[in-house]
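Open the structure in your viewer and keep the selection tool at hand.

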Amino acid sequence: MTRIAIAGHRGLPPDTADLVEAELRAVLAEEARPVTGLSCLADGADQIFARAVLDLGGSLEAVVPAQRYREALPEEARGGYDELVRHADEVHRLPFVESTSEAHMAAGRHLLDDADELFAVWDGLPARGHGGTADVVAEARARGIRVRVIWPDGAHRD
């Protein structure tokens, strides 16, 4: 099975989330066989990717950056997080307590440790904080991991 990690923007506007979902599903459907998706299950790209992987017959592994990670997610994303954690074949919990930039970057590195490829839902701009999408992309490229950028025409961030 191909192991694909996700890194991507959070808090996507609804129209951009729809565009990203359509493109992720199309790209995943092109895979020759079901994939294992690796995700931190944050709001935005992570949850969209995880649902698409499961819907297309793949398996899911979750990486939880910190003990208080769920509480740091927007309230409206917690139900999706809970559902996806229940559907994960494996859940890797990192030793951080607080959901900090350091914990998020460590989680990104953990995703890459087990990935054949990284899907990056990324507008190409620098990270807004340490451990953001751009930082994970840079780490993947430094390791020689293939990066596929997903940023459909018409996508935007607030």
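The C-alpha trace spans about 40 × 35 × 35 Å along its principal axes. This is a predicted model, in which local features need pLDDT of at least 70 and side-chain atom pairs count only at pLDDT 80 or more, while totals for chains, interfaces and linings use all residues. Residues are numbered from 1 along each chain as its sequence is written, and side-chain values use heavy atoms, with hydrogens and water left out.

Next, colour by secondary structure. The chain has six helices and six strands, in the order β-α-β-α-β-α-α-β-α-β-α-β from the N terminus. Helices (H or I, at least four residues) and strands (E, at least two) are DSSP runs, numbered from the N terminus. Of the 158 residues, 49% are buried; buried means under 20% relative accessible area, exposed over 50%, and partly exposed in between, with a 1.4 Å probe and protein chains only. Among contacts with a separation of 6 or more, 78% are between residues 24 or more positions apart, a contact being heavy atoms within 4.5 Å.

Now select Gly-8, Arg-10, Gly-131, Gly-132 and Thr-133, which lie nearest the centre of the largest pocket, lined by 29 residues. Strand 1 (2–8), helix 5 (101–113) and helix 6 (133–143) each give two or more residues to this lining. Helix 5 gives the largest share, five residues. The pocket has a volume of about 510 Å³. A pocket here is an open set of points on a 1 Å grid over the protein atoms alone, where a 1.4 Å probe fits, with protein on both sides within 12 Å along at least five of seven lines; lining residues have an atom within 4 Å of a point. Grid points are joined across faces, edges and corners, and a volume is the space filled by probe spheres set on the points.

Move to Asp-43, Gly-44, Gln-47, Ile-48 and Arg-51, nearest the centre of the second largest pocket, which 13 residues line. Helix 1 (14–29), helix 2 (45–55) and helix 4 (75–87) each contribute two or more of them. The space in this pocket is about 200 Å³.

The last stops are salt bridges, of which there are twelve; each is a side-chain nitrogen of Lys or Arg within 4 Å of a carboxyl oxygen of Asp or Glu. Select Glu-61 and Arg-3, whose closest N and O atoms are 3.0 Å apart. This pair joins distant parts of the chain, with Glu-61 in strand 3 (residues 59–66) and Arg-3 in strand 1, 58 residues apart. Is Glu-61 buried or exposed? Glu-61 counts as buried, at 8% relative accessibility.

Then show Arg-143 and Glu-139, which form a salt bridge at 3.0 Å, N to O. They are four residues apart in helix 6, so about one helical turn separates them. Both are partly exposed, Arg-143 with a relative accessible area of 34% and Glu-139 with 21%.
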